Amino acid sequence: MTERKPTAGAGPAPRSRPALNVPRTGTSAGAREGSRIPSALAASQPLPDDLIEVGYVSAAYGIRGWIKVQPHADDAAALLHARRWWLLTPEPAGTAVAAQAAAAAGPVSLKIAQSREHSGTVVAQAAGVADRNVAEALKGRRVWIRREDFPPAEDNEFYWVDLIGCAVSNEQGEALGTVSGLIDNGAHQILQVAFALPDGKAGERLIPFVDAYLRDVDVAGKRIVVDWGLDY
């Protein structure tokens, strides 16, 4: 039986989309950036419910409007597979200036004409981004794609984002908690399973995501069964 590996195509710390259709995004330079980004690139529809952050724009690439993206994961397959990206500015620091910038720097929706890997990054050409100035204005924005645009996972592989929120129980039917995150220690992945202690405080179990302990992974049913005791 081969080791089951959650693929990190969604990034080492996968997150679901922001709660708002117009997310709380922006930086202190957001208003100035907005003035250099063509209005045609602004997202005209509410953000999809299944957006996942997969990287950020680290720089412009060349002089013809290409952008360079630093993926959150070693495997950039999901980023390369998607033909539509949403670029959101980071959450504001909490100052009044940042909040004002957030309102000015709305989400950008890009149709990707072509993309490829380049020295640990992904470079891409997007429709409507015709010169380096526009590409420079996108620097620092986070790149989000739809979960439905991820390529299918290989057999015995799972996207981290699909494991978050799964209920974990053992073979005796005892509830162990809910997956709140994953850790990659280099050798294998580890489930972070959150549960409530008897005194009501938050507890956490760390369960290796390997065949020695896994009995069933039902992504559709949001359920994982492991060989693990309540007192481990």
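Which backbone oxygen does the side chain of Arg141 reach at 3.0 Å? The side chain of Arg141 reaches the backbone oxygen of Leu87 at that distance, a polar contact being a pair of N or O atoms within 3.5 Å in which, within protein, one atom must be able to donate a hydrogen and the other to accept it, with residues adjacent in sequence counting only if both atoms are side-chain atoms.

The structure is a predicted model, in which local features need pLDDT of at least 70 and side-chain atom pairs count only at pLDDT 80 or more, while totals for chains, interfaces and linings use all residues. Residues are numbered from 1 along each chain as its sequence is written, and side-chain values use heavy atoms, with hydrogens and water left out.

**Buried sites in loops**

The side chain of Arg141 also reaches the backbone oxygen of Gly106, at 3.0 Å. Arg141 is placed in the loop between helix 4 and strand 7 (142-146); helices (H or I, at least four residues) and strands (E, at least two) are DSSP runs, numbered from the N terminus. With 2% relative accessibility, Arg141 is buried. Here buried means under 20% relative accessible area, exposed means over 50%, and partly exposed lies in between (1.4 Å probe, protein chains only).

Phe209 is a further loop residue, located between strand 12 (202-208) and strand 13. Its relative accessible area is 0%, and Phe209 is therefore classed as buried. Along the chain, Phe209 and Gln192 are 17 residues apart, and their C-alpha atoms are separated by 9.8 Å.

**Salt bridges**

Eight salt bridges are found in a search of the whole structure, a salt bridge being a side-chain nitrogen of Lys or Arg within 4 Å of a carboxyl oxygen of Asp or Glu. The table presents some of these pairs.

| Pair | N to O distance |
|---|---|
| Arg132 and Glu136 | 3.3 Å |
| Arg146 and Glu148 | 3.4 Å |
| Arg215 and Glu171 | 3.4 Å |

Arg132 and Glu136 both belong to helix 4 (residues 132-137), and because they are four residues apart there, about one helical turn separates them. Arg132 is partly exposed at 34% relative accessibility, and Glu136 is partly exposed at 30%.

The side chains of Arg215 and Glu171 meet in a salt bridge. Arg215 lies in strand 13 (residues 214-218) and Glu171 in the loop between strand 9 (167-170) and strand 10, so the pair ties together parts that are 44 residues apart in sequence. Arg215 has 34% relative accessibility and counts as partly exposed; Glu171, with a relative accessible area of 46%, is also partly exposed.

Arg146 and Glu148 are joined with Asp50 in a network of salt bridges.

**A negative surface patch**

Asp74, Asp75, Glu117 and Asp184 form a negative surface patch. Patches are made of residues with over 30% relative accessible area and no salt bridge, like charges being joined within 9 Å and nonpolar side chains (Val, Leu, Ile, Met, Phe, Trp, Tyr) within 5 Å. Lys and Arg count as positive and Asp and Glu as negative, while His and the chain ends are not counted. The place of a charge is taken as NZ of Lys, CZ of Arg, CG of Asp or CD of Glu. Accessible areas come from the Shrake-Rupley method with a 1.4 Å probe, and for residues only the protein chains shown count as cover.

**Backbone and loop details**

Ser119 is a residue other than glycine with a positive phi, near 50°. This residue lies in the loop between strand 5 (108-118) and strand 6 (121-126), and Ser119 is exposed at 71% relative accessibility. Lys222, likewise not a glycine, has a positive phi near 55°. The loop between strand 13 and strand 14 (223-226) holds Lys222, which is partly exposed with a relative accessible area of 32%.

Ala40 is situated in the loop between helix 1 (30-36) and strand 2 (51-61). Its relative accessible area of 73% makes Ala40 exposed. Ala40 and Val129 are 89 residues apart in sequence, and their C-alpha to C-alpha distance in space is 10.0 Å.
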